[in-house]
Amino acid sequence: MEPPSKTLLIGVVGPCGSGKSTLIAKLEKHGYACRHIAQEHSYVQAMWQIITKPDVLIYLHASFPISTARRKLNWYEKDHTDQLRRLSHARDNAHIIINTDDLTPDQVLAKALDYLTGRNQ
């Protein structure tokens, strides 16, 4: 069996503080090729498709209070709402959506791995 990195490119999107970098680092330790897609900062709705063309798109969601606490952000709820709007196309097309608010990084990883391994069966 080929390692996962030879078969899948995983794109990860979500608002600031949702856990994208953490999940990517953990997935890469499991042999997956991942791309952090900064869709939350782009006004081009399909940027995730145009630049990365992932085989699997994982959307991580975090609420405004959680995002703010995790990243110690000095922003307004409108800023978070704007990011969610910019991410709407990616969210609508994501293969899996994980709400990270009440999950540890390892629990987020487990959900992603469950999806990824189930997809290959």
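**Reading the cut-offs in a predicted model**

Colleague: Why is Thr-68 called buried?

Modeller: Thr-68 has a relative accessible area of 19%. Buried means under 20%, exposed means over 50%, and partly exposed lies in between, with a 1.4 Å probe and protein chains only. Thr-68 therefore counts as buried.

Colleague: What should I keep in mind about the model?

Modeller: This is a predicted model, in which local features need pLDDT of at least 70 and side-chain atom pairs count only at pLDDT 80 or more, while totals for chains, interfaces and linings use all residues. Residues are numbered from 1 along each chain as its sequence is written, and side-chain values use heavy atoms, with hydrogens and water left out.

Colleague: What is the mean pLDDT of the protein?

Modeller: The mean is 87, and 87% of the residues reach 70 or more. pLDDT is the predictor's confidence in each residue, from 0 to 100. Strand β4 has the highest confidence, at 98. Helix α2 (residues 47–52) has the lowest, at a mean of 74.

Colleague: What makes Thr-68 and Trp-75 a polar contact?

Modeller: Their side chains are joined at 2.8 Å. A polar contact is a pair of N or O atoms within 3.5 Å; within protein, one must be able to donate a hydrogen and the other to accept it, and residues adjacent in sequence count only if both atoms are side-chain atoms. Thr-68 also touches Leu-73, leaving aside residues up to four places away in sequence. Touching means contact: heavy atoms within 4.5 Å.

Colleague: Where is Thr-68 found?

Modeller: In helix α3. Helices (H or I, at least four residues) and strands (E, at least two) are DSSP runs, numbered from the N terminus.

Colleague: Which residues of α3 are buried?

Modeller: Phe-64, Ser-67 and Thr-68, in a helix that covers residues 64–71. Down the axis of α3 they fall within an arc of 95°, so they line one face of the helix. The arc is that of the directions from the helix axis to the C-beta atoms. Residues three or four places apart point the same way, because an α-helix has 3.6 residues a turn.

Colleague: What does each side of α3 meet or carry?

Modeller: The buried residues pack against α4 (77–86). The face turned away from them carries the exposed residues Pro-65 and Ala-69. After α3 comes Lys-72, with a positive phi near 50°.

Colleague: Why does Arg-35 count as partly exposed?

Modeller: Its relative accessibility is 43%. Arg-35 is found in strand β2. Its contacts beyond four places in sequence include Leu-9, Ile-24 and Thr-52. Ile-24 is 11 residues from Arg-35 in sequence and 7.5 Å away, C-alpha to C-alpha.

Colleague: Thr-52 or Lys-53: what makes each buried or exposed?

Modeller: Thr-52 is at 12% relative accessibility, so it counts as buried. Lys-53 has a relative accessible area of 61%, so it is exposed. Thr-52 lies in helix α2. Lys-53 sits in the loop between α2 and β3. Lys-53 is not a glycine, yet its phi is positive, about 50°. Thr-52 touches Leu-9, Arg-35, Ile-37 and Met-47, again not counting residues up to four places away in sequence.

Colleague: How do you know that β3 and β4 pair?

Modeller: Two strands pair if DSSP finds at least two bridges between them. Strand β3 (residues 56–61) and β4 have four bridges, in the parallel sense. Tyr-59 has Ile-97 as its bridge partner in β4, and Leu-60 stands opposite Ile-98.

Colleague: Why are β2 and β4 said to stand at the edges?

Modeller: The open sheet has four strands in the order β2-β1-β3-β4, with parallel pairing. β2 (33–36) and β4 each have a single partner strand, so one side of each is left without a neighbour in the sheet. From one strand to the next, the twist averages 25°. Its axes are lines fitted to C-alpha atoms, for helices over the stretch in contact, and angles run from 0 to 180 degrees between N-to-C directions.

Colleague: Which residues of β4 form its covered face?

Modeller: Ile-96 and Ile-98. Ile-97 and Asn-99 form the uncovered face of this strand, residues 96–99.

Colleague: How many helices and strands has the protein?

Modeller: Six helices and four strands. Along the sequence the pattern is β-α-β-α-β-α-α-α-β-α. Of the 121 residues, 44% are buried. Among contacts between residues at least 6 apart in sequence, 74% join residues at least 24 apart.
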